[in-house]
Amino acid sequence: MYTRFKYLETMERLRLDGRVAIITGSSSGIGEETALLFAKRGARVTLHGRDEKKLADVERRINQPDKTLIVAGDITEAAVRQKLVDATVEKFGRLDILVNNAGFGHFSFIKDLTEEAFDHCLNALLKAPVFLCQAALPHLIQSKGNIVNVSSGLTVAPSPGMFAYATAKVGMEYFMKAASLEFHEIGIRVNTVTPGVIETPIFDKFCPSEEMKTQLLNQNAKQTLLGRNGQPQEVAEAIAFLASDAASFMTAADVFIDGGRRAFYHSGEKAPMPNYDDVMLKTGH
């Protein structure tokens, strides 16, 4: 019988009291909601992003200045990554959880992809999390902490124009598996959440008009078993679970939050494809 005591014990294991977390990309979307939830569950949180004003807004929403720290900067810069770790430990005395969430969307068909754009995707979405983890490792060893990476459903359901972004995310998933294998003997768990289409501000950047954004989101919603897109809070709940003692037997796990889109894949509407006329013109055909 599931008693009230068992229920309270389970809820207690979901708490993050006394834990210290770095959450990259926490000025909006999934990162913002994760920071809010971590703070609500008792964690002290380092907020990171490039927009100091947005970070300050998140800090105000948390409304616990003694339990928050802002470190602004470009995650691709080694000095920013080191500052994230050093400033966190200086203020809070420890580090227990690293959430690699920072990222951006990039749309480009392969025929139009530039080396600069490809390098930027790999640097921001793969190289930066790997070396931030490396900088944080000595402190995570001390705390027997854990790492949660945020990947993308595009790793299993490819979409035209998203090659560079998805390639970096595939690399992040392999990083999770390799890190969990290498770190298990020092007591560090490493897991990944893989969101499907989540309604975040990133669609405002992708879509030139509100009408196009609505059309895109509606189309994506039809390609899930639940008939809707996800919300940032739903991803945050999974991240908080993986970071908590309730997930103490989970490592090398990839948790999908996609409304069943993987099962629906290949049965939805065909995605728009590139036009190759300009490529053919280059060959003289």
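**View 1. Thr 155 lies in the loop between strand E5 (146–150) and helix H6 (163–183).** Helices (H or I, at least four residues) and strands (E, at least two) are DSSP runs, numbered from the N terminus. The model is predicted: local features need pLDDT of at least 70, side-chain atom pairs count only at pLDDT 80 or more, and totals for chains, interfaces and linings use all residues. Residues are numbered from 1 along each chain as its sequence is written, and side-chain values use heavy atoms, without hydrogens and water.

**View 2. Surroundings of Thr 155.** Thr 155 has a relative accessible area of 18% and is therefore buried (under 20%; exposed is over 50%, partly exposed in between; 1.4 Å probe, protein chains only). Its side chain reaches the backbone oxygen of Ser 152 at 2.9 Å. Beyond neighbours within four places in sequence, Thr 155 is in contact (heavy atoms within 4.5 Å) with Ala 166, Lys 169, Val 170, Glu 173 and Thr 194.

**View 3. Helix H4 (residues 78–92) crosses helix H5 (residues 115–143) at roughly 30°.** The two axes come within 9 Å. Axes are lines fitted to C-alpha atoms, for helices over the stretch in contact; angles run from 0 to 180 degrees between N-to-C directions. H4 and H5 are therefore roughly parallel (under 35 degrees; over 145 is roughly antiparallel, 65 to 115 roughly perpendicular, the rest oblique).

**View 4. Residues where H4 meets H5.** From H4 come Arg 81, Gln 82, Leu 84, Val 85 and Val 89. They meet Ala 128, Phe 131, Leu 132, Ala 135, Ala 136 and His 139 of H5.

Technical notes: A polar contact is a pair of N or O atoms within 3.5 Å; within protein, one must be able to donate a hydrogen and the other to accept it, and residues adjacent in sequence count only if both atoms are side-chain atoms.
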